[in-house]
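Subject: Structure for you to look at

Hi,

Here's the structure I promised to pass on.

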Amino acid sequence: MKIEENKLQMPDSSPSLIRDRLFAELDQSIDNTSLIVVAADSGYGKTMLISTYLRKKNISTVWYQLGNTDRYAHIFLSYLKAGICKEMDVDASPAIIPAESTEDEWDALLSLLSKRTEPLFLVFDDYQWVDQSPEIEPLMIELINASSAVKVIVISRGRPTLPIARLKVERKYKELTTSDLAFTLEETRNFFNEMNQLQLEEQEIQFIFERTEGWIASYQLILGMIGKMNHQERFSLWSSFPNVQDIYDYLSAEVLQVQPDYIKAFLYKTSLFSELDPVIIDEFLGIDHSEDILNHLLNQHLFVYSDHQGIIRYHRLFRQVLYQNFKDMKKDDYKKEHIKLAAIYESRYELINAFAHYTIGKDYFKAAKVMGLIRDLYNPVESMLLLDGWLEEISAGESFANNTLFLIRCVPLATLQELTTLFEENISLSKKKKNELWLCNLQHRLATIYLMRGDIVRAEHLFQESLKSAEQFHDHAMSALNLILIAEINRYLKKYDTAIEYVRKAVIVSEKYRIAHTRIHSLDTLATIYMDKGNVEKAAPCIQKAATICQEQDKSSLTFIYTTMGRLFSIKGDFTEAIKWGEKAVSIAKSFNNDFDIGWSNHELGESYMKCEKFKEAKSCLEKAYRAFALFTHYQCMVGISMFHLYNLLGDSVRAKETYQKMKDICQKNNFYWLIDRLRTKTEAKVIDKPQKPLVIQTLGRFQITYNEKPVTIKRHSSLRLLQYFIAHYQKKIEKDLIIDSVFPEGSLGNMDNLFNVSLSVLRKTLEPGLSSGVHSRFIKRHGNQYELDVSEIDLDIHRFMELVRDKRNIKNLKKAEELYKGDFLEEYPYETFLEQEREYFRKTYIQTARTIALYEYEKKDVQNCFRLYEKMISRDPFDEELCFEYIELLLRENKVSKATHTAQKMKLLFENEMGICIEAQLKDIFSKYKIQQAYT
């Protein structure tokens with residue numbers, strides 16, 4: 001039997017990425033090291049790294065590619081001897097050494113190596129094939145100690161069972177593991193864009209790196225797929241990643257199929273776990289040796305690792321392959337496994353995990369129950385953000401568009417504003433980094449919050465943005481959901497044809513791609529639109545079909561389906577059936593115990609009771625709905641309008657008038673112009689209201705204009721700039737030339753004069769529909785060659801704000817002014833230089849006002865409100881040193897050391913990074929007053 005020469009050939013390493021980072025590590029340890037172990041999962045470039053390094057260094061090397069037959073000493077020795085003799089130019093027989101000659105031959109080989117003075121590397125590739133052989137281990141030990149010139153390199157999928165403790169103590173041992181070999185972000189960028197000339201966008205590089213965790217084999221597979229793809233085709237691939245057959249095939253063939261059956265079974269079942277806790281796995285699987293199996297997986301580097309907190313996890317791609325295979329084997333039963341695991345977590349009070357697994361298992365009733373416990377025990381904002389990411393993590397990459405509404409419905413009401421701020425910050429950061437791949441879900445979630453708060457203008461804009469991304473990335477579930485909610489907004493605005501167009505697209509997408517939850521939602525919305533139009537015949541089959549799917553696929557939506565069913569029968573005049581379905585909806589909402597469902601179902605049931613003149617029951621339902629919608633202002637206003645109509649029917653003119661005025665104020669304050677008409681739809685709703693100014697302009701925060709309670713859009717950009725200039729200088733007579741120089745700084749005087757006249761004409765006609773001549777304008781008046789914005793008939797918020805802050809001693813008015821300040825002056829236009837001075841003036845005025853109120857509240861012992869105002873002021877001007885120091889000192893005075901420390905840390909980081917100002921000494925002085933030494937560092 002002859003030696004197979006190919007087993008002694010070093011693999012060709014070209015072309016390959018030069019791993020400078022790892023080469024440097026090898027360089028540092030190569031002289032003093034006797035044994036180098038490269039132990040990592042399959043596909044992490046172990047062989048490529050070592051062969052590339054040795055070729056680049058031109059080091060004398062014997063490369064031995066091991067296999068299953070090499071576990072016998074005489075065969076192992078035969079190949080090793082052949083390789084060494086060839087490298088040292090010594091004659092040797094090409095035949096396999098007889099087993100009985102092993103000892104003599106081995107002694108001769110060791111003698112030969114002991115005389116070696118020049119460096120020689122012995123590389124044993126795929127060492128896992130011989131690692132368990134009792135014949136090989138003693139030979140390896142002797143080789144490691146054969147000569148100071150001989151270096152042994154072991155390449156294996158698991159750490160070899162060699163006695164390495166002494167070598168570690170003597171610092172003669174070097175080990176590279178999976179985490180060492182994984183590509184860094186920079187190496188990822190170099191691999192695709194420099195080595196392979198692909199010019200991927202930065203967000204694509206980031207996406208590949210995070211999703212693959214630097215797994216090198218996947219890079220080769222990805223490269224093979226995207227090499228000739230254009231931008232759109234690549235983004236389509238990312239939307240379905242990692243559901244890529246090549247990656248699945250590689251992991252199945254190279255990793256899964258070579259495992260024994262009991263290991264494969266363990267891997268599949270534990271793919272449900274995002275954290276591999278042996279105690280919980282034992283309980284879940286009914287075994288008592290999970291820890292032993294996990295240790296085996298760790299030692300074998302089987303795509304399992306222990307993170308920086310000591311938590312054992314699967315590598316993301318490997319877990320996704322396991323999870324997908326498990327789902328394919330279990331079909332729909334995999335949901336039962338999630339529910340079983342959720343119950344274990346719940347019994348251990350690991351509520352975040354319990355909620356996530358109940359949600360994935362579609363047991364929304366138990367999920368809602370656990371959410372009630374979470375609301376009681378955890379910080380609400382942190383828990384909701386954690387859940388939002390945890391669902392994605394636990395589901396191993398499934399689309400979670402279907403859980404967005406359920407999650408938002410579970411949000412404790414008080415956290416909505418904080419969540420809004422956090423989502424806005426994340427969206428801004430993603431846009432800044434041009435990470436379009438991450439924007440889609442963020443925009444959709446924030447849009448859903450805006451919708452539930454009634455800010456439908458922002459909601460529709462974000463839904464449209466999310467829709468574009470979802471369609472670009474072929475996220476069909478998210479596309480359908482965005483289409484449905486855009487349709488819902490158009491329904492509110494009575495744009496029924498547009499609404500139907502959007503929702504029909506959602507139905508097509510949902511049915512084409514068999515997305516159950518959006519089929520339910522789209523059919524329900526379509527039925528509601530038909531009912532709004534009075535077309536009961538078209539509505540009935542839609543809601544009946546939705547109910548059938550809902551019973552089979554998603555019982556969490558039954559509250560809404562039954563509510564719509566009740567409305568259908570109410571329109572038909574069958575109030576017995578309407579009330580029956582309405583009571584079912586209320587019962588289900590009660591079992592979920594979340595405010596939004598309770599408000600939604602009770603509102604419609606109250607309407608049904610009102611129509612059949614059961615006023616006592618109607619009043620009870622509407623009051624429950626009103627309380628449930630406490631912070632969902634838009635929906636609470638809808639209920640309030642229903643209560644207004646009820647009081648009229650009851651003849652309670654006092655309450656009717658009070659409710660009318662309150663609802664009208666809410667509608668005007670929040671610009672719910674589509675709800676105003678509902679206050680006037682019934683003849684009995686004749687309530688006298690004081691006259692209002694026709695033109696309302698809001699500039700503090702979101703810029704919006706209404707004329708006679710209808711929104712005004714200024715389409716001409718030059719006209720919009722002109723109005724903003726007039727607002728910034730309201731009630732001041734300004735020379736025409738000065739206006740032109742400020743608003744239209746470029747171009748010849750003649751052209752600018754014409755632009756001014758056209759822009760002014762368009763502006764006047766937009767603000768005053770039906771205006772025959774600019775001379776008769778009530779709002780923009782001309783005095784010779786001067787112009788003025790007259791606010792006598794304009795409700796301009798900055799005018800009211802300045803009137804309220806005029807008397808610094810009137811706390812009541814100051815509080816009204818503080819509430820009126822919803823944001824910086826025309827903050828959506830940060831680059832208009834003619835607005836900067838006024839914006840800064842109003843901001844400083846606001847901070848002075850809020851500080852006055854805060855200190856007043858502090859004196860009155862209302863510490864909580866005082867601190868709320870300081871937080872708000874600092875968010876407006878985080879670089880106001882005096883304000884920040886004052887707030888920290890007040891916190892320390894109230895013994896809120898943790899909050900003071902956190903504020904100081906943020907302040908220190910901001911001032912040092914953004915302004916290059918050291919505030920260490922000032923902070924130290926403040927903390928030392930309260931005998932707290934450097935708690936902020």
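Below is what turned up, starting with the whole chain and then going place by place.

First, some housekeeping. This is a predicted model, so local features need pLDDT of at least 70 and side-chain atom pairs count only at pLDDT 80 or more, while totals for chains, interfaces and linings use all residues. Residues are numbered from 1 along each chain as its sequence is written, and side-chain values use heavy atoms, with hydrogens and water left out.

**The whole chain**

The mean pLDDT (the predictor's confidence in each residue, from 0 to 100) is 84 for the chain, and 89% of the residues reach 70 or more.

The chain has 937 residues, and 54% of them are buried. Buried means under 20% relative accessible area, exposed means over 50%, and partly exposed is in between (1.4 Å probe, protein chains only). For secondary structure, expect 45 helices and 14 strands. These are DSSP runs numbered from the N terminus: helices are H or I with at least four residues, strands are E with at least two. Of the contacts with a separation of 6 or more, 66% are between residues 24 or more positions apart.

**Two helix pairs**

Two packed helices are described by the angle between their axes and the distance between the axes. The axes are lines fitted to C-alpha atoms, for helices over the stretch in contact, and the angles run from 0 to 180 degrees between N-to-C directions.

Start with H30 (residues 575–592) and H31 (residues 595–611). Their axes come within 9 Å and cross at roughly 160°. The two are therefore roughly antiparallel to each other. The cut-offs are under 35 degrees for roughly parallel, over 145 for roughly antiparallel, 65 to 115 for roughly perpendicular, and oblique for the rest. The crossing of H30 and H31 is left-handed, which is the term when the near helix is turned anticlockwise from the far one by less than a right angle; clockwise would be right-handed. On the H30 side the residues in contact include Phe575, Ala578 and Ile579, and on the H31 side they include Ile598, Leu605 and Tyr609. By class, the residues of this contact divide into ten nonpolar, four polar and four charged. Here Ala, Val, Leu, Ile, Met, Phe, Trp, Tyr, Cys and Pro count as nonpolar, Asp, Glu, Lys and Arg as charged, and the others, Gly among them, as polar.

While you're there, find Thr559 in helix H29 (residues 558–572). Is Thr559 buried or exposed? Thr559 is buried, with a relative accessible area of 0%. Not counting residues up to four places away in sequence, Thr559 touches Ala585, Ile588, Ala589, Phe592, Asp597 and Ser601.

The other pair is H9 (residues 202–212) and H10 (residues 216–226), whose axes come within 10 Å and cross at roughly 135°. That makes H9 oblique to H10, and the crossing is right-handed. Ile208, Phe209 and Thr212 of H9 make the contact with Ser218, Tyr219 and Ile222 of H10. This contact has four nonpolar, two polar and no charged residues.

**Two loop residues with positive phi**

Asp126 has a phi near 60°, a positive value in a residue other than glycine. Asp126 sits in the loop between strand E3 (120–125) and helix H5 (136–144), and is partly exposed at 25% relative accessibility. Tyr349 also isn't a glycine, and its phi is about 60°. Look for Tyr349 in the loop between helix H17 (334–347) and helix H18 (351–360); at 58% relative accessibility, Tyr349 counts as exposed.

**A few more spots**

Ile141 lies in helix H5 and is partly exposed at 31%. Ile141 and Leu35 are 106 residues apart in sequence, yet 9.9 Å apart in space, C-alpha to C-alpha.

Leaving aside neighbours within four places in sequence, Thr706 is in contact with Asn671, Pro694, Leu695, Val696, Pro711 and Val712.

Cheers

Methods. Contact = heavy atoms within 4.5 Å.
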